[in-house]
Amino acid sequence: QERNSVVQAIAALAAALGSKPKSPEASTAIKALYGVVDGDSQHAHAALRVLADYWEAAAEWDTACTVLDLAQGKAESNLERARIFDRLRDLFRTQKNEPLAALGAAQSAYLAAPTQPRAEAIAVLAEASGRQHAVLPQLLDMADFLDSNGADASDLYLRLSRWCSEAKTADDLSRRALEGALRHAPNDDDMLARLADLQHKAGQYAALLDVLHRRLPLATSTQRRHELMLAIADIQKRDDPYGAEKIYKTILDELPGDLKVLERLETIYAALDDKTGLIDILQQQEERAASDDVRSQLLAKMAQVQLTRFGDLPGALAQLRQCFALAPTSLPLQQALTSYLDLARRHQGEAWLGGLTLLEESAKARGDAASRSQALDEMSRIVTGEARLLALHRLATLQEQDLGQRDLAFATWCRIFQEDPADAESSRTC
């Protein structure tokens, strides 16, 4: 009976406030309601609800918010508390223009009773107050919780993934937002591309392969499909070079002579020590080279392969001569020629002489008199007859005129005179 009488009194007071909001009766009712709040905790919540309605209707926003804050502390359930925070959120946002206070109320409402609309409200208010970055981790937790409990968190994930793309966000948070959004929009290529970038940056290659394979059927052009196939093969070659080779060859069937693919196949064959495949790929690249400079580099590379993988001195020398004809002073030629001479020196014969001849010609083109002198000296010791005399003549002239080595030149002229006393130039000197 006591409870019923208090409830009836609250109802009567509410009616008095509603019918005569500015009357003495209303003032009496207000005083009585506050008395219930102070003295009767069992019915304080009901009294506060009536008071909140009154102050809100009277546009007394500060007082209404104060009463609602008291009411949430005396709420009989979490659901009721969440509804009070919902009201506070709306008052702070629409009437008091306090976005941060509204955001705080929205967060409290969600914590009291988690729902998808309450999480969305937090996101909207965070955007309005410029607090996206601060609430992003919390909202991701909310989205994951809602998603795992059957609620539709798709819009929330999409919003969060957009935030991540618009600002510098920690990669792990960006990845979580994209993965959540893609659970609801699995064929969104833009989000898949962003996720792939994050996975590549983090070195998550197994997950990256999965995403690239998901993107492949979404490609809107042949060029895009080839780019994705290249990306897949580039990752796959780490653990499965034969599988990567198959993909590269598939692309090459559709794009014969594509240099990007040929270069990748070159690395595959080098790693697999497939000499025949490597030479074939290098030849294809050389045939399609865009300039003499590129072609000479490929020829020098082929010569290196002929040497290091086949030990083919005649084949390597032929490649080096082609390279010299295109770029007689290039660094790749000098490097390959050095490798050639290191191997040919052990074999001597025609291979050694051919290398020395090319070294002398290359040194002459570079203006390297010292290297040229060394080559001619070596040549003079292995050739005979007229070839030997010719090499010595060139050596003596080089020592005398280019290097200023008069003593060495004199000795060389004397070598010529000993072998051919009829030689006019050496006979004058010696």
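**Helix packing in the predicted model**

Helix 10 (residues 171-184) buries L173, S174, R175, A177, L178, G180, A181 and L182 (buried: under 20% relative accessible area, with a 1.4 Å probe and protein chains only). The model is predicted: local features need pLDDT of at least 70, side-chain atom pairs count only at pLDDT 80 or more, and totals for chains, interfaces and linings use all residues. Residues are numbered from 1 along each chain as its sequence is written, and side-chain values use heavy atoms, without hydrogens or water.

Helices are DSSP runs (H or I, at least four residues), numbered from the N terminus. The buried residues of helix 10 pack against helix 8, helix 9, helix 11 (189-202) and helix 12 (205-215); contact means heavy atoms within 4.5 Å. At 1.5 Å a residue, the 14 residues of helix 10 should span 20 Å (the expected span is 1.5 Å times one less than the number of residues). The end C-alpha atoms of helix 10 are 20 Å apart, which agrees.

Helix 9 has 13 residues and should span 18 Å; its end C-alpha atoms are 19 Å apart, which agrees. The buried residues of helix 9 are S154, L156, Y157, R159, L160, S161, W163 and C164. Their cover includes helix 7 (116-129), helix 8, helix 10 and helix 11.

Two packed helices are described by the angle and the distance between their axes. The axes of helix 8 (residues 132-148) and helix 9 (residues 154-166) come within 10 Å and cross at roughly 150°. Axes are lines fitted to C-alpha atoms over the stretch in contact, with angles from 0 to 180 degrees between N-to-C directions. Helix 8 is therefore roughly antiparallel to helix 9 (over 145 degrees). The crossing is left-handed (near helix turned anticlockwise from the far one by less than a right angle). From helix 8, Q132, V135, L136, L139, L140, A143, D144 and D147 meet L156, Y157, L160, W163 and C164 of helix 9. By class, this contact has 10 nonpolar, 1 polar and 2 charged residues (nonpolar: Ala, Val, Leu, Ile, Met, Phe, Trp, Tyr, Cys and Pro; charged: Asp, Glu, Lys and Arg; polar: the others, Gly among them).

A further pair is helix 21 (residues 369-380) and helix 22 (residues 385-402), whose axes come within 9 Å and cross at roughly 150°. Helix 21 and helix 22 are therefore roughly antiparallel. Their crossing is left-handed. A369, R372, S373, L376, D377 and S380 in helix 21 meet R388, A391, L392, R394, L395, L398, Q399 and D402 in helix 22. The contact divides into 6 nonpolar, 3 polar and 5 charged residues.

Key. Helices (H or I, at least four residues) and strands (E, at least two) are DSSP runs, numbered from the N terminus. Angles under 35 degrees count as roughly parallel, over 145 as roughly antiparallel, 65 to 115 as roughly perpendicular and the rest as oblique. Buried means under 20% relative accessible area, exposed over 50%, partly exposed in between (1.4 Å probe, protein chains only).
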